[in-house]
Amino acid sequence: MAENLSKVVIYGGGNTAIDVARTAKRLGAEESIIVYRRTRDKMPAHDFEVKEALEEGVKMKWLSTITEADAGSITIEKMALDDKGFPQPTGEFETLAADSVVLALGQNVEQTLLEHMPGLELKWDSVQTDAVMMTSVAGVFAGGDMVAGGERTVTVSIGHGKKAARAIDAWMRGERYQPAPKHEPATFERLNTWYYADAAKTVRPVLDIIRRQSTFDEVVGGLDEGNAMYEARRCLSCGNCFECDNCYGVCPDSAVIKLGAGKRFAFNYDYCKGCGLCVEECPCGAIAVEMEDK
Ligand SMILES: Cc1cc2nc3c(=O)[nH]c(=O)nc-3n(C[C@H](O)[C@H](O)[C@H](O)COP(=O)(O)OP(=O)(O)OC[C@H]3O[C@@H](n4cnc5c(N)ncnc54)[C@H](O)[C@@H]3O)c2cc1C
């Protein structure tokens, strides 16, 4: 980007485009304009990011594509969405003053490191991994943006890291990591929401608009320890027993056995008559009744 920014045009619609546009504003650009070829609702960036960028004075040219760039200006063409939602050129042009154009059109994996690894299987520009994040080279694991099929977000990358760490640990012991079987999703109708108190979401502090124009301080503040604990307690724990003791209290046959803090419960099937009260009263849908094999 030019050092003395004046009018910056960013071409793209993802969170990178938004970050560049907001950064340009903070670095003093007089105008920071995102040119995106589809509509706001089709933008891959999060809507809250778009809102924050607009608040900070970033301008958006929806349904537009850059057709020409000259010294000091660019030409954009208006697009219209066809029946299938794809942008099509309209032949209608507009000229924008611009001294910098930034293409924010995608992220690719830097492959030089991988070129020296014979046998490493790639798909397009990404590394292929199996269910436990091991690549086609035995003992080499991968995760994050470089892995095929990943969503390329921080959350997914951290998840990959955790999964790979477990698999590496098993590999070092000469085993293959077997993830614990997952229970069925606890759908809304299996929850007893009456059990939970209403608890509004914590409102996070937002940096004043004036300070957002010239500093790189965090715009939406994080949670302190107290708020984080409060937020964690708002979790309905769908499908995961949190030891509320309801099943233990309502069982008419004393078939529910407490195993102690953190160990949840066991069921004594010699006493259980299958009335299903525990299932009915479980707030988080963690219990299911199954027919016994005779
Ligand atoms: C502008 C932008 C905005 C984004 N915004 C968001 C967002 O708001 N939310 C979100 O969830 N995600 C966002 N992402 C995506 C997110 O940053 C990535 O998904 C995440 O960082 C991927 O983590 P990773 O560990 O796989 O890779 P990286 O974070 O890229 O880490 C890879 C590391 O490896 C190093 N490296 C590369 N090659 C070598 C080598 N040969 N030797 C040694 N080291 C090497 C690199 O220097 C780097 O430190 C954004 C990305 C960009 C570019």
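Visitor: Where's Leu 63 found?
Guide: Leu 63 sits in the loop that runs from strand 3 (59–61) to strand 4 (64–70). Elements here are DSSP runs numbered from the N terminus: helices are H or I with at least four residues, strands are E with at least two. The model is predicted, so local features need pLDDT of at least 70 and side-chain atom pairs 80 or more, while totals for chains, interfaces and linings use all residues. Residues are numbered from 1 along each chain as its sequence is written, and side-chain values use heavy atoms, without hydrogens or water.

Visitor: What's phi doing at Leu 63?
Guide: It's positive, near 45°, and Leu 63 isn't a glycine. Most residues other than glycine have a negative phi.

Visitor: And what's phi at Asp 245?
Guide: Positive too, near 75°. Asp 245 lies in the loop between helix 5 (225–233) and helix 6.

Visitor: OK, switching to the ligand. Which residues are around it?
Guide: The shell, meaning residues with a heavy atom within 4 Å of the ligand, holds Asn 15, Thr 16, Asp 19, Gln 107, Leu 113, Gly 144, Asp 145, Arg 152, Thr 153, Val 154 and Ser 157.

Visitor: Which backbone atoms come up for Arg 152 and Thr 153?
Guide: For Arg 152, a backbone N or O atom lies 3.3 Å from an oxygen of the ligand. For Thr 153, a polar backbone atom is 3.4 Å from a ligand oxygen.

Visitor: How much of the ligand does the protein bury?
Guide: 41% of the 1000 Å² that the ligand exposes when taken alone. Those areas are Shrake-Rupley, with a 1.4 Å probe.

Visitor: Which elements give two or more residues to that shell?
Guide: Helix 1 (15–26) and helix 3 (154–172). Helix 1 has the largest share, with three residues.

Visitor: Last one on the ligand: why does it lie between domain 1 and domain 2?
Guide: Because domain 1 (7–103) and domain 2 (114–172) both contribute residues to the shell around it. The domain bounds come from an automatic or database assignment.

Note on methods:
A polar contact is a pair of N or O atoms within 3.5 Å; within protein, one must be able to donate a hydrogen and the other to accept it, and residues adjacent in sequence count only if both atoms are side-chain atoms.
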